[in-house]
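Take the fold one piece at a time.

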Amino acid sequence: MTIDPICKMEVDPATALSAERDGEKFHFCSEHCRTKFLEMRAEEHGSKHDHEPATPQHEHVCCSTSPPSSPMVQFGTTTSDAASAAPTKKYFCPMCPGVESDEPGSCPKCGMALELAAPTAPATRTVYTCPMHPEIEQDHPGICPKCGMELEPKYVAAEDEEDDSELRDMSRRFWVGFALGLPVLLLAMAPMVGIPLDAWLSVGVSHWIQLALCTPVVAWAGWPFFVRGWHSLRTWNLNMFTLTALGTGAAYFYSLFALLFPRLLPESFLENGRAVVYFEAAAMITVLVLLGQVLELRARRRTSGAIRELLSLAPPVAHLVRDGQERDVPLSDVHPGDVLRVRPGDKIPVDGTVTDGKSSVDEAMITGEPVPVSKQPDDGVIGGTVNQTGSFLMRAERVGGDTVLSQIVDMVGQAQRSRAPIQRLADVAASYFVPVVVAAAIVTFIVWATIGPQPRLAHALINAVAVLIIACPCALGLATPMSIMVGVGRGARAGVLIKNAEVLEMMKRVDTLVVDKTGTLTEGQPRLTACVPAGDIMEEQLLRLAAAVEQQSEHPLARSIVREAAQRQLDLPNCEQFNSVTGEGVAGRVDEHEVVIGKPALLNQRGIDVAPLADRAAELQQAGQTVMFAGIDGQLAGILAVSDPIKASTAEAVQTLHRLGLRIIMLTGDNERTARAVAENLGIDEVEAGVKPEHKHERVRALKAQGHAVAMAGDGINDAPALAAADVGIAMGTGADVAIESAGVTLVKGDLRGIVKAVLLSRAVVRNIRQNLFFAFVYNSLGVPIAAGALYPLFGILLSPVLAAAAMSFSSFSVVTNALRLRSSAL
C-alpha cells in the first residue's frame with residue numbers, strides 16, 4: 001500500500017490512479033486528487049508527500065458530507081449539488097465542494113488551505129427564471145409563483161446534464177390522459193353518430209364508466225393546470241391556465257353533480273328523464289391542453305441547446321507550459337499570463353497572443369468567415385477556434401467570462417430570455433375574457449338564486465355552469481395552437497422550419513432584414529472563380545502546373561486551386577524544389593518547368609513582368625476576388641482568382657424581398673472591398689464590413705430601438721447573438737448548429753428565397769389566428785348572455801348546458817376547419 005499525497009488515504013498501487021513527477025510515480029484514490037496534484041507546483045508538493053504518515057480516516061475526506069465545526073465555513077448546497085455549483089464566497093476548498101468562506105484559512109474537512117476563487121470563472125450551474133418575471137430565479141425547473149409559466153434556463157453549464165423531467169412528466173400525463181379520455185369521448189359521442197351503444201350498455205352504466213375514466217384524467221393528468229390556474233387567480237395574472245382550470249372544473253363538477261343528484265335538476269334540463277353529463281368535455285379539454293404543453297416544452301428544450309453548443313467549443317483542458325515542463329490542466333485553472341501549447345487540430349483554449357511558432361487557424365465558428373487565418377508571433381487568437389497545421393505557444397490574456405466565446409454565450413442567453421412566451425396572444429385575450437366570464441357566472445348565480453323561478457338553486461347552478469361551459473377555453477385554446485401547428489407543417493414542406501409561434505407573429509411585421517455575407521448570400525467556401533492564361537499557354541495547363549505546386553502548400557487559398565484541379569480530374573505531377581516565401585507566394589519545379597505563384601512583387605523579383613494582366617487583375621480585385629499571378633519559365637503565365645461565390649438563388653431572393661417592402665442591410669466580418677462588391681452586385685441597401693460579433697448584436701439592438709421590426713439571417717456562430725436578439729432570427733440549414741438553435745426560422749436548403757416563403761407564411765398564419773379568435777370570441781360572447789338567461793324574460797328560453805356544449809363544439813369545429821385551410825396556402 002502507498003499514500004495518496006493529497007488526502008493521505010492508503011491506496012493500492014495496482015488499482016489506483018497514478019502520475020509521474022521528476023521521475024517518481026505517485027498514486028491517488030480518485031481523479032479529484034490526481035487532478036489537484038497535477039495542478040500544484042512542484043515546489044508546493046514534492047516527492048516527500050508519498051512518505052508522510054497517513055492520517056486515520058473513517059471516510060474519504062474528499063467525499064465527506066459531514067458538516068464542519070468551523071463557523072466561518074458555509075454550505076450553500078448538498079455535496080451532490082455543490083459539485084456543479086460555483087463558489088459564491090471569496091475563498092473555497094477545491095477538494096471539498098460546498099466549503100466556502102469570506103476569510104482565508106484551512107478546510108475543516110481535509111485541512112487544505114482555502115484557495116482564492118477565480119473572479120472570471122463562468123457560471124457552472126443552471127439557473128431558471130421566468131421570462132415574464134425575471135426577478136424570479138431558482139436552481140431547478142418549475143413554475144413561476146406569480147403567473148404559473150414554466151421557468152426557462154438563464155445560465156447553463158456545459159457539464160450540466162439537461163433536465164427534461166418536466167417534459168417527461170407532461171408527456172406521461174398526456175399519454176395516460178389520452179388513453180383514458182378517448183373511451184370517454186367514444187362513449188359520449190357514439191349515440192350521436194348513430195352507433196347503437198344503448199343496445200349493449202345502458203345510459204346509466206355509461207355515465208358511471210365515464211366518471212371512472214374521466215376522474216383520473218382531470219384529477220391527475222390535469223392537476224398542474226389547476227395549480228397554475230390557482231396561482232394566476234391568486235396573483236391576478238390571468239392566463240390560459242385560468243380558463244383551462246375553470247372550464248375543466250365546471251364541466252367535471254357539473255357532470256358529477258348531475259350524476260349524483262339528478263333530481264335537483266329542472267325538468268327542462270333532463271333528456272329522456274336522465275341528466276346530461278359532460279365528462280368527455282372535461283377529459284378532452286385536459287388532453288388537448290396537455291398536448292400543447294408537450295409541444296411547447298419540446299420547443300423550450302432547444303433554448304439551452306444554443307448555449308450548450310457554444311460552451312462545447314472550448315476544450316476541457318489546456319496544455320500548460322511552466323518551468324520547461326508541459327502538463328494538462330483544467331480550463332478553469334488557466335490564468336492570464338500562462339503560456340499554453342496548441343498542437344495541430346487542437347481547439348484554442350482561451351483568448352491570447354501567439355508567442356512562438358506559426359500556423360493557420362480556422363476561425364469560421366467565431367467569425368463566420370471561411371478562409372483560415374495565418375498566425376505568427378504577436379498575432380491574436382480566439383478561444384474556441386481550431387488550430388490546423390502548425391504548433392505554437394501562446395500567452396493567455398482573457399480567460400473565463402472575459403473571452404470572446406463567453407461574451408457570445410452571455411449575449412445569446414440574454415437575447416433568448418428576452419423573448420415573449422409562445423401563447424402571449426391567447427394569454428392577453430384571456431386576461432380580459434376570464435374576469436368577464438367569471439363575473440357573468442357569479443351574477444347569473446346570484447340573480448337566479450334570488451329572483452328566479454323554483455327550484456331557484458338548481459336553476460342558478462345550471463345557468464352559472466352553462467355560462468362557464470359556453471365560455472370554455474377549448475376554442476380559445478385551439479385558436480392559436482391549431483393555426484401555428486398547421487402553419488409550421490406547411491412551412492416545413494416548403495423547406496422553412498419555424499421554431500415557435502412568436503416567429504410567425506413577428507415575421508409579418510418585419511420591415512428590415514439584416515444578413516451576413518458568408519454562407520448566407522454566398523456559398524461559404526472559397527473556390528477558384530477565374531483562371532486567366534497569358535500567351536500561348538492553355539487554361540488547363542496553367543491550372544495543372546499551379547495546382548502541382550500549391551498541393552505542397554498549407555495556405556488555405558492553395559486548397560481552392562487544388563480542389564478545382566481535382567474537380568476537373570487533372571493529373572497532378574510531383575513538385576520538386578518547393579519553396580514557400582512567407583506572405584509572398586510559392587515556387588517549385590514541375591515537369592522541368594520553373595513555376596512561381598504569388599503576389600506581383602514575387603514575380604518581379606524573378607524578372608517576370610505582370611503589366612499585361614494588371615488591368616484584368618484590378619477588375620477581379622474590384623469584384624472582391626483574391627488574385628494570384630503565375631509565372632512559368634520566367635514568363636507571365638496567367639492569373640488565378642479565388643473568391644466565395646454568390647449563391648445562384650440570392651439575386652432573385654433579394655429582388656423579391658425588396659418588392660415585399662423590406663430594407664436589406666449586410667453586416668459582415670469580411671473586408672470592405674469584398675463586402676461592397678457583393679452588395680453592389682446584389683443591390684443591397686446598406687453594407688457594413690469588418691463587423692465583430694458583438695457589434696452585429698449591438699447593430700440589431702440599435703435598429704430595434706429605432707422602431708424597426710428586424711429579421712436577421714446568418715449561418716455562423718458569430719451570428720448567434722444577433723440571431724437571438726433580432727425579432728426573427730433566420731439560420732441557414734447548412735450552417736453552424738448554434739446558429740440554427742439561436743434562430744427562430746431555419747431554411748433547410750440554405751436558400752435565401754425561403755425568407756420570402758416565411759414572410760408569406762407568417763402573414764397567412766397571423767390572419768388565420770385572428771379569424772380563429774374571432775370565431776371563438778363571437779360564439780362565446782353571444783352565448784354567455786344567452787346562457788345567463790337574458791332571453792328568459794322575453795321568450796322563456798334557457799340555454800341548457802347541452803346547447804352550451806354544442807355551441808362550444810361548433811366554435812371549436814370552426815377553428816379547426818379554418819386552420820386546416822393553411823395546408824393549401826400558396827407560398
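Strand 28 (626-632) is mostly covered: 6 of its 7 residues are buried. Buried means under 20% relative accessible area, exposed over 50%, and partly exposed in between, with a 1.4 Å probe and protein chains only. Helices (H or I, at least four residues) and strands (E, at least two) are DSSP runs, numbered from the N terminus.

This is a predicted model: local features need pLDDT of at least 70, side-chain atom pairs count only at pLDDT 80 or more, and totals for chains, interfaces and linings use all residues. Residues are numbered from 1 along each chain as its sequence is written, and side-chain values use heavy atoms, with hydrogens and water left out.

Which strands does strand 28 pair with? Strand 28 pairs with strand 29 in the antiparallel sense, over 7 bridges. Strand 27 (residues 593-598) also runs antiparallel to strand 28, joined by 4 bridges. Two strands pair if DSSP finds at least two bridges between them. Across these pairings, Phe629 stands opposite Ile639 in strand 29, and Val595 stands opposite Ile632 in strand 28. The hairpin of strand 28 and strand 29 has 2 residues between the strands. There, Asp633 takes a positive phi near 55 degrees.

For strand 24, the partner is strand 29 (residues 635-643), joined by 6 antiparallel bridges. Pro533 has Gly638 of strand 29 as its bridge partner. Axes are lines fitted to C-alpha atoms, for helices over the stretch in contact, and angles run from 0 to 180 degrees between N-to-C directions.

A second sheet is also open and antiparallel, with 3 strands in the order 18-17-20. Strand 18 (373-375) and strand 20 (386-387) are its edge strands, each pairing on one side only. Strand 17 (residues 359-362) joins strand 18 through 3 bridges. In that pairing, Ser359 stands opposite Lys375.

Next, the nonpolar cores. Such a core is a set of buried Ala, Val, Leu, Ile, Met, Phe, Trp, Tyr and Cys residues joined through side-chain atoms within 4.5 Å. The largest has 45 residues, and those with the most contacts inside it are Leu513, Met666, Val728, Ile730 and Ile755. Helix 25 (residues 753-787) gives the largest share, 9 residues. Apart from this core lies another, of 31 residues, including Phe174 and Val465.

Finally, the helices. The axes of helix 3 (residues 165-189) and helix 5 (residues 223-235) come within 10 Å and cross at roughly 115 degrees. Contact means heavy atoms within 4.5 Å. Glu166, Met170 and Arg173 of helix 3 meet Trp223, Pro224 and Arg228 of helix 5.

The unreviewed UniProt entry annotates "transmembrane region" at several stretches, among them 207-226 and 773-792. Such annotations may be inferred rather than shown by experiment. Residues 207-226 are 95% helix and 0% strand, with end C-alpha atoms 24 Å apart. Residues 773-792 are 80% helix and 0% strand, and there the end C-alpha atoms are 28 Å apart.
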